[in-house]
Amino acid sequence: MSRQLRSAQTRLALIRSAARTFDEHGYPRAKLSAISAGAGVSTGALHFHFDTKAAVAAAVEEEAARTLHEAARTVRHLTPDPLQALVDTTHVLARQLATDVVARAGYRLNCQSAHRSGPDLRTRWHVCVCELLDRAGEQNLLVPGLAAEESAAALVGATTGFEVLAREDATWLAPSAVTGLWRSFLPILAGPGAPQTPAPSGPRTAPRERQRDASALVR
């Protein structure tokens, strides 16, 4: 194994360990010694890759943003119906936050303005919702006269609230919770022009999401 590949593997291990540490203890109480121990390396090896705890947090946030963006983009590419794509994207992102500690920790760091190092992910989600609703409107899939901007704000507020509530009770990100949300929203959104009512339960199987491994970082 090349030195470059070993270095990339160590960096990824540190990012994952940092995510677990931030997720369990929060940013203020997270210790660099715990992050390095969780990755199975020395603190010296950690400092080779990251100068400060803020730099580690920024790397976790960057990886989370990449993962969530790729998941959302994959759904939108696979689902031509914009309303169904919106439902499916919500399910996939909820699943990602529930099961992927890097995505979850990075998203939560991003939501804290004191630690945010990249673009606001909540704002990106708002833009995504608005774009899909605009496409649905252009295709006459929405209830006539529906205020798309108001609907987008309500959806973003509801889905963001699910993530916040899930910090104390993970069932808020369960498929059943997201399905219940869409059973309430879809009758308000879907108009007579829609060819069929979108399925509130989302995709039957998760779309294949690209995973970053160490070899991809050294190509």
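Student: What is the volume of the second largest pocket?

Tutor: The model is a predicted one. Its second largest pocket is lined by residues including Phe 22, Tyr 27, Arg 108 and Arg 167. The volume of the second largest pocket is about 190 Å³.

Student: Which helix supplies the largest share of the lining of the second largest pocket?

Tutor: Two helices, α1 (3-25) and α6 (101-111), each supply at least two residues of this lining. By class, the lining has 5 nonpolar, 2 polar and 3 charged residues. The largest share, 3 residues, comes from α6.

Student: Is α4 roughly parallel or roughly perpendicular to α6?

Tutor: Two packed helices are described by the angle between their axes and the distance between the axes. For α4 and α6 the axes lie 7 Å apart and the angle is about 110 degrees. Angles of 65 to 115 degrees count as roughly perpendicular. The two helices α4 and α6 are therefore roughly perpendicular to each other.

Student: How many nonpolar, polar and charged residues does the contact of α4 with α6 have?

Tutor: In α4, the residues Ala 57, Val 60, Glu 61, Glu 63, Ala 64 and Leu 68 take part, and they meet Val 102, Ala 103, Ala 105, Gly 106, Tyr 107, Leu 109 and Asn 110 in α6. Sorted by class, the contact of α4 with α6 has 9 nonpolar, 2 polar and 2 charged residues.

Student: Is the crossing in which α7 passes α8 left-handed or right-handed?

Tutor: The axes of α7 (residues 121-138) and α8 (residues 148-165) come within 9 Å and cross at roughly 140 degrees. That angle makes α7 oblique to α8. Among the contact residues are Trp 125 and Leu 133 of α7 and Leu 155 and Val 156 of α8. The crossing of α7 past α8 is right-handed.

Student: Which residues that line the largest pocket are the closest to its centre?

Tutor: The largest pocket has a volume of about 520 Å³. Helices α4 (53-78), α5 (82-99), α7, α8 and α9 (175-189) each supply at least two residues of its lining. Of the 25 lining residues, the closest to the centre are Ala 72, Leu 93, Leu 121, Arg 124 and Trp 125.

Student: How do the residues of the lining of the largest pocket divide, and what are the counts of nonpolar, polar and charged residues?

Tutor: The lining draws on several helices, α7 and α8 among them. Its residues divide into 15 nonpolar, 5 polar and 5 charged.

Methods: Residues are numbered from 1 along each chain as its sequence is written. This is a predicted model: local features need pLDDT of at least 70, side-chain atom pairs count only at pLDDT 80 or more; totals for chains, interfaces and linings use all residues. Side-chain values use heavy atoms; hydrogens and water are left out. Axes are lines fitted to C-alpha atoms, for helices over the stretch in contact, and angles run from 0 to 180 degrees between N-to-C directions. Helices (H or I, at least four residues) and strands (E, at least two) are DSSP runs, numbered from the N terminus. Angles under 35 degrees count as roughly parallel, over 145 as roughly antiparallel, 65 to 115 as roughly perpendicular and the rest as oblique. A crossing is left-handed if the near helix is turned anticlockwise from the far one by less than a right angle, and right-handed if clockwise. Contact means heavy atoms within 4.5 Å. On a 1 Å grid over the protein atoms alone, a cavity is a set of points where a 1.4 Å probe fits but cannot get out, and a pocket is an open set with protein on both sides within 12 Å along at least five of seven lines; lining residues have an atom within 4 Å of a point. Grid points are joined across faces, edges and corners, and a volume is the space filled by probe spheres set on the points. Ala, Val, Leu, Ile, Met, Phe, Trp, Tyr, Cys and Pro count as nonpolar, Asp, Glu, Lys and Arg as charged, and the others, Gly among them, as polar.
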